[in-house]
Structure formats: C-alpha cells, structure tokens
Amino acid sequence: MTVVIGFEGSANKIGVGIIRDGEVLSNPRRTYITPPGQGFLPSDTARHHRGVILKVLKEALDEAGLKPCDIDCVAYTKGPGMGAPLVTVALVARTVAQLWGKPLLGVNHCIGHIEMGRLITQANNPTVLYVSGGNTQVIAYSERRYRIFGETIDIAVGNCLDRFARVIKISNDPSPGYNIEQMAKEGKKYVELPYTVKGMDVSFSGILSYIEDAAGKMLTSNQCTAEDLCFSLQETLFSMLVEITERAMAHCGSQEVLIVGGVGCNMRLQEMMMVMCKERGAKLFATDESFCIDNGAMIAQAGWEMFRSGQVTELSDSWITQRYRTDEVEVTWRD
C-alpha cells in the first residue's frame, strides 16, 4: 500500500494530511485569522505558517499512527497561491523529503481539490466548479488534461466575498464567507446588483465596486440591512456561477457536477446548483468544510495519484509557481 503525506499552505490555512490508498489517515490544519476589516498579508501569513507547521506535521503523524519510515512520498503545493506562504511550505516539504530519504512531488492546488472531491464523493467524470478565495474556474477532463471552460476574468468569487466582509466589518472567524452565509439566511430584501457573465467567463470586480460604494449609503439611510446585502450578494454571485456551470455541462454532455474549493461548502450555492441539476436530470456532488476548505489530505491524494503513475519532482525542479494553471498539468493517472 502507498502512503503519501501532503503539505498545503497556499493561503491562510496550513495543513498536513496523510493518505493511504484512498483512506484519509489524518488531516489537521490551522487557520491564520485577522481582525474584522482586515485581510491577510503574505508575509504575516508565512510567519504564521512557520510558527505552526512542525506542530501540525507531528499531529498528522501521531493521528495516523505512522513514523517517517512508513511514508512513501512527500507532496506539497507548488501553486497557485500566495508567494511567501507557498515558499514556506515548499521549504519544509523539501527538507522533510531529504531528511526522510523520500521522493518529492509538487502538486497543483486546484487538482488537489478535484482529486479529493472525486475520492470523497465518488463522482465519475464530473463538470467541476472550482470556487475559492483565489480561484474561480469551470473545469472538465479531456485527453489527459483538466480543461478550463470558463473562469473569472478579474477577482475570484471568494475574494469578492472576503472584501465585502471587510467593508461591513464582518468577523474573519472562522471565515468571512461562512459569516456572510449565516447573515444571508436572515436577509429579506433583494438588492439588485450588477450581473456580469461574458460567454463562459464571469467578472466580479464590478459587483464588488458597486456594493462597496452602495453599502455605506444604503445602510446609513436604512434602505436595507447588512443581512439583506449579504443575501443579495450571494444570490447574484451564485446565479452567475450556476449559469456558466450549466453551459459547460451542456457543451460536454455531462450529467455530473462536482463543487470544490472553500466557497464550495456554502450550502446556498449547493442548493442553487442542486435545483439546476434536478432540472437537467443530473447529479450534484459536494463535500463539507473538512474537505472543501484547503487541507493537506487533498495534496496527499493528488500526490498519491501522481506518484502511482510514475511522477516524481526532482529537487532541482521543486520551486513554487504562483500562477500555476490547472490545464498545465498532464493528468497521467486517468484514462
């Protein structure tokens, strides 16, 4: 049996997970949380990761009941992501691989999400909606590549939600998106916002600029509540995402949708996608926050697939790539 340990730290979460032939043996993580109204800077995030990564590594090994000699391969997030946090994790992974005498594998962050989603949900060949703080893409597999059918042309959907949370000073604990989701459940009034779909692509910067400018005025004049704005923003953003996902499904003749990435655990997004899938006679696959949100096990799972298909990253090639495209990776482990 093949055992792979995965290190993830592309944004504000640091995680170490261990996979053994499709079984998650451990998956601890820590989150860098900033005060309300503030985002997280790369340097501060990297400092947080450096401070806890060895504790998380020990926790992962202890939880799995394994020793370094039991590990077959060390996988780490090569990109995409924030530079300083990625470098921190890559350095630790490279050091661990050399100390333990194990092969090393650089993993694409998005493909980690996809392979973890496929493992947990048992989706066969889905159209994938990848939504997170740094990425928004609609993806389908074809001829040894995960092909990008549509994506954001500016900021990611998670980044749009996070930045709105800063405007109205929503707490970052446990995450801005989660707190927006809870507030949106109390929203009663829909505030019309810009809706920008361009073919297979989406744009979120305009809606963010509009709501940033309008929020203060509307809240001060009691035209709506903060809960109304959270509700309206979610409804608009998620409608755009459902539209481009359905268009990709139609193009591919697909009857499966898999939602991955941190925003993917939003129950309202899952609910809206479910309605579309039912209308098409399709199936929706989604997971909860334990696997949607960045974690080490997803990197370990993608690394497991890559390692079993004969891939290894030479030490001289084990750098990071902040703009690492999903479709750059040759998928050697699928048909």
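Tutor: The mean positions of the 33 positive and 39 negative charges of the protein lie 3 Å apart, where Lys and Arg count as positive, Asp and Glu as negative, and His and the chain ends are not counted; each charge is placed at NZ of Lys, CZ of Arg, CG of Asp or CD of Glu. This is a predicted model, in which local features need pLDDT of at least 70 and side-chain atom pairs count only at pLDDT 80 or more, while totals for chains, interfaces and linings use all residues. Residues are numbered from 1 along each chain as its sequence is written, and side-chain values use heavy atoms, leaving out hydrogens and water.

As for the rings, those of Phe, Tyr and Trp (its six-membered ring) pair if their centres lie within 6.5 Å, with planes under 30 degrees apart called stacked, over 60 edge-to-face and the rest tilted. By this rule there are two aromatic pairs. Tyr141 is buried, at 12% relative accessibility (buried means under 20% relative accessible area, exposed over 50%, partly exposed in between, with a 1.4 Å probe and protein chains only), and Tyr146 is buried at 1%. Tyr190 and Phe231 are also edge-to-face, with 6.5 Å between centres and 90° between planes. This pair links distant parts of the chain, 41 residues apart: Tyr190 sits in the loop between α5 (176-184) and β10 (197-198), and Phe231 in helix α7 (residues 226-252); helices (H or I, at least four residues) and strands (E, at least two) are DSSP runs, numbered from the N terminus. Tyr190 is partly exposed, with a relative accessible area of 42%, and Phe231 is partly exposed at 22%.
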